[in-house]
Amino acid sequence: MKKAVSIFLVCVLLILALTATVNARIINQEPQQFVSEAIAQAETESGEAISTNRVYFKMPDIDNWYCDYSVYEGKYYASIYWWDSKYINPEYYPGYRTSIDDYEQGVYYADIPDDIAYVILNNGYYPRKEPVSSDPMFVDSYDLYVEGAWEGEFDTLPEGSPSEEGMDGCIFVYNPDTVTETIYTQHPLYRFDPYIYYGNGCYGSYAKTSDNFVSVEENCLNPDHFDESGNHIGGAHLKAPVAPEKPLVDHSLDGYYFVSSIEPNTVRSENKLYPTSVDGEYYRYRFIDKETRFKIVHYIDGEKVSDCEQYPADGWYNENGSINNYPSSDEYTVWFRPDGKGDSSFP
């Protein structure tokens, strides 16, 4: 791996990473894909195989990392987000759903494109109220470096990562001493240290090919894998929290939304319509050109229940660029009423 990187370039990369972290705070639209599904879809569409590295993540059993809003088929899931791959990137935060390696011990994994420099691991919660959320349910990691580590780069990996091209086979473990406060977010960012993953929940500092590796039992660093006498008992006694049968409903999504044909499946807080008078009239002011089609989408209990076909009657308004009394300017206000009585006018 090329390590001759100038101080200037390192600073630029750090700035870009922090910027990407902030930009990641946009509202996600269900259903969330698994990383494996997204990779397979991208390979099918491009006709090319995507080279990947497998990284692991140990979910910390603290705060809101086990989040009831991110339950899928009766189990908790972690999510992963990144932004700098030429192959495929998650469109919205929290990114893709990871896969389970050892559920009871909280170990998840993701096969990510091998050109990624940083990832963000999170609890899969969808912040829908603000682009940058101070909601206590919203927790995630600091930007985690996933390019290959060299000797001495990390205290937890004294000989570097097994592969100089990526953190393939490494696991990120929460460091309770390094929760980071930052001006870029309204919540603390959790730091995770990289280790070599041995399987069955165990991790350590040396790859199995190292002269310093004796055995999993000898090299295991999990504090909860040893009894009071210091004997390695593994993690068979560890149990994940019991998940609800279904995820909790985030009612902050409920309401009416302006959706354009450019972003037909995206619901963001800035698209939400709010009443302008006590009798229930809703409005949304948008900058759209004459060819942009749009509609009103209605959500109840966190789920889309209709496209409000009564407005427009054909599902899309401004079909083929035709609209009632459309002004010559790009500035356009859409007036909407839940009872179906609506009009459009120039402000």
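In this predicted model, an open sheet is built from four strands, ordered β3-β2-β6-β7 with antiparallel pairing. Its edges are taken by β3 (96-97) and β7 (144-145); each of these has a single partner strand, so one side of each is left without a neighbour in the sheet. The contact between β7 and strand β6 (residues 118-122) consists of two bridges, and the two strands run antiparallel. Within this pair, V119 lies opposite L144 of β7.

A hairpin is formed by β4 and β5, with four residues between the strands. Strand β4 (residues 99-102) and strand β5 (residues 107-113) run antiparallel and are joined by three bridges. I100 faces Y108 of β5 across this pairing.

Strand β8 (residues 170-174) is the next element to consider. Five of its five residues are buried, so the strand is largely enclosed by the rest of the structure. In a regular strand, side chains alternate between the two faces of the sheet. For β8 both faces are covered, with C170, F172 and Y174 buried on one side and I171 and V173 buried on the other. Two neighbouring strands pair with β8. Strand β1 (residues 52-58) runs parallel to β8 and is joined to it by three bridges, with Y56 placed opposite I171. Strand β9 (residues 192-199) runs antiparallel to β8 through five bridges, and here C170 stands opposite I196.

| Strand pair | Bridges | Direction |
|---|---|---|
| β6 and β7 | two bridges | antiparallel |
| β4 and β5 | three bridges | antiparallel |
| β1 and β8 | three bridges | parallel |
| β8 and β9 | five bridges | antiparallel |

Y257 and I296 are 39 residues apart along the chain, yet their C-alpha atoms are separated by 5.5 Å.

For the protein as a whole, the secondary structure comprises three helices and 17 strands. The protein has 347 residues, of which 48% count as buried. Among contacts with a separation of 6 or more, 64% are between residues 24 or more positions apart.

Rolling a probe the size of a water molecule over the atoms shows where empty space is left. The count comes to one cavity of 30 Å³ or more, and the largest cavity holds about 40 Å³. The lining of the largest cavity is formed by N53, I112, P113, D114, I116, V146, E147, E165 and G166. By class, these lining residues comprise four nonpolar, two polar and three charged.

The mean pLDDT of the protein is 77, and 65% of its residues reach 70 or more. Over residues 1-29 the pLDDT stays under 50, and the model has 59 contacts beyond four places in sequence for this stretch. Residues 309-329 likewise have pLDDT below 50, with 56 contacts in the model beyond near neighbours in sequence. Where pLDDT is low, the predicted coordinates should not be read in detail.

How values were computed. Residues are numbered from 1 along each chain as its sequence is written. This is a predicted model: local features need pLDDT of at least 70, side-chain atom pairs count only at pLDDT 80 or more; totals for chains, interfaces and linings use all residues. Side-chain values use heavy atoms; hydrogens and water are left out. pLDDT is the predictor's confidence in each residue, from 0 to 100. Contact means heavy atoms within 4.5 Å. On a 1 Å grid over the protein atoms alone, a cavity is a set of points where a 1.4 Å probe fits but cannot get out, and a pocket is an open set with protein on both sides within 12 Å along at least five of seven lines; lining residues have an atom within 4 Å of a point. Grid points are joined across faces, edges and corners, and a volume is the space filled by probe spheres set on the points. Ala, Val, Leu, Ile, Met, Phe, Trp, Tyr, Cys and Pro count as nonpolar, Asp, Glu, Lys and Arg as charged, and the others, Gly among them, as polar. Two strands pair if DSSP finds at least two bridges between them. Buried means under 20% relative accessible area, exposed over 50%, partly exposed in between (1.4 Å probe, protein chains only).
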